[in-house]
Amino acid sequence: MVYQAGVQRDRSRRAQSAIVAIVFSICVGCGGSSADPRGGGGAAGGGGGAGGAGDNPECTSSEQCVAPEVCEPITQTCVAPVISCTSQTDCTGGTYCLTPSNVCVPSAVGTPCAGPDNCNGECLNGFCGCSGVAHERQLESSPLDIYLVLDRTGSMGTDCSYVAGSSPPVSSKACFATYALADYLINVSPSVDTSLAFNVMSLSNDCSGASYDPALIASTSLPVASDSALVQRISDENFSGGYGTRIEGALRGIANYTVNHQAAGREMIGVLITDGDATNCQTNNSTLAGIIEDHLTDTGLRTFIIGMDGANEDKLEELAIAGGADPHDDFCGGVAPPCHYWNVGDASGDVLASALQAISQQAVPLPCEIDVTGLTAPEGEVLDYGRVNVTLTEGTSVTTIPQAANEAACPTDQPAWYYDSPSAPSKIFLCEGACATVSAAGDGAELNVVAGCTNTIVVQ
């Protein structure tokens with residue numbers, strides 16, 4: 001099933017470029033228990049097997065172990081190798097092949113496996129879990145729909161036509177924006193299925209937003225061909241701007257369109273690009289901010305703001321905060337970072353493309369907040385939240401993320417997670433460092449939440 005993780009709007013999310021699969025596994029039979037919801041300290045044991053990790057010395061590398069022992073990276077303990085190996089199938093009896101040492105060592109929850117012989121419990125999605133798996137689901141960032149409105153007023157300067165593969169022939173905001181937008185739409189490689197609908201601001205004297213739905217160019221899957229209707233419409237715009245800067249009409253139009261065209265299972269956002277302050281319709285900036293703030297409150301749909309030279313940065317920042325953008329440190333212009341809007345100057349170069357990419361990534365954040373209310377233990381067993389571990393798998397590398405007592409206890413020197421309520425958990429939150437680590441993970445990485453094991457690894 002596809003699930004869009006909830007987002008704490010007041011918590012910063014770093015930009016990310018990969019989709020991370022989240023696998024929840026509920027399992028029993030690993031032994032151990034804990035009355036404390038945070039569990040005990042120490043390393044997570046696999047239990048039984050060929051010797052187990054047990055009370056062996058802690059380590060981070062094999063140089064800290066007494067030969068022939070090697071450091072097992074999941075439990076971070078020194079263990080004795082059983083036999084040599086070249087693949088997982090060479091190891092049995094609850095052992096797995098540790099590379100590059102190429103020796104069979106005792107398995108633990110989260111170690112690689114080719115089958116159950118490598119584990120003390122089950123081999124789940126290529127990694128050892130516990131026996132009696134009762135619940136599993138995979139979650140991914142949702143597809144994205146963007147409604148982009150571009151300022152066409154005369155202050156944008158002299159227009160130009162877009163020619164694929166060439167450079168802007170005129171030094172103006174209008175020409176730079178034409179090329180930057182077209183190049184972005186042609187060359188973008190979105191991390192999720194992304195579509196974009198397009199309109200321009202102040203094409204009519206509308207203040208109500210009615211003229212913005214339907215869009216000039218309907219929702220189009222990205223990337224597009226250089227001869228697409230979307231690129232052609234951007235190229236054809238003449239930036240005459242005879243009706244002034246009607247930001248009220250644009251914001252109301254974005255609100256109307258995004259509500260009317262929201263699709264189940266897809267994220268919808270609006271984006272306004274402007275180089276000036278409101279000159280027609282409503283001009284009070286706080287009132288304008290209220291339009292998209294109410295829209296966000298009523299629908300949960302966000303509106304992002306990109307500013308160009310000529311616009312009042314403080315006013316655009318007020319609009320961006322009201323629209324629900326998360327704070328960031330890039331493209332803040334004269335606003336002290338962190339800011340909420342993006343300043344792309346005259347739109348020359350790749351700054352506009354970078355801003356749009358950052359907005360897209362912020363719009364579909366990876367799940368740094370995980371709902372655990374749906375986790376259930378097998379029949380006859382009681383789910384123990386004090387025996388939960390979270391691991392991040394990137395290729396053959398598996399990292400156990402330790403638990404912190406609460407958000408205030410999140411460490412700055414290592415990734416960690418915490419429960420919303422240790423006595424009665426409903427969510428797991430990744431601390432900022434862990435969220436950044438997960439967000440930076442490569443394609444195919446997995447974040448595993450595993451319950452029913454010996455204990456919970458906690459921050460030391």
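Predicted model: local features only at pLDDT ≥ 70, side-chain atom pairs only at ≥ 80, totals over all residues.

Modeller: One may begin with strand β9 (residues 144–151), which pairs with β12 in the parallel sense over seven bridges.

Colleague: Which residue of β12 is the bridge partner of V149?

Modeller: β9, residues 144–151, is paired with β12 in the parallel sense. V149 has its bridge partner in β12, and that partner is L272.

Colleague: How many bridges link β12 and strand β13?

Modeller: β13 covers residues 302–307 and pairs with β12 in the parallel sense. Within this pairing, I273 stands opposite I306 of β13. The number of bridges between β12 and β13 is six.

Colleague: How many residues of β12 are buried?

Modeller: In a regular strand, side chains alternate between the two faces of the sheet. In β12, E267, I269, V271 and I273 point one way, while M268, G270, L272 and T274 point the other way, and all are buried. For the strand, residues 267–274, the count of buried residues is therefore eight of eight.

Colleague: Which residue does a disulfide join to C85, and how far apart in sequence are the parts that the pair ties together?

Modeller: The structure holds eight disulfides, and one of them joins C85 to C97 with an S to S distance of 2.1 Å. C85 lies in the loop between β3 and β4, whereas C97 lies in strand β4. The partner is thus C97, and the parts tied together are twelve residues apart in sequence.

Colleague: Are C85 and C97 buried or exposed?

Modeller: Buried requires under 20% relative accessible area. C85 has a relative accessibility of 5% and C97 one of 4%. Both therefore count as buried.

Colleague: Why is the disulfide of C207 and C281 assigned its handedness?

Modeller: The sulfur atoms of C207 and C281 are 1.8 Å apart. The torsion about their S-S bond is about -80°, so the disulfide is left-handed.

Colleague: What is the handedness of the link of C332 and C339?

Modeller: C332 and C339 form a disulfide with sulfur atoms 2.1 Å apart, and both residues are buried. With -85° about the S-S bond, their link is left-handed.

Conventions:
Residues numbered from 1 in each chain as written. Heavy atoms only, no water. Buried < 20%, exposed > 50% of the residue type's maximum accessible area, 1.4 Å probe, protein only. Helix = DSSP H or I, 4+ residues; strand = E, 2+ residues; numbered from the N terminus. Pairing = 2+ DSSP bridges. Disulfide = S-S within 2.5 Å.
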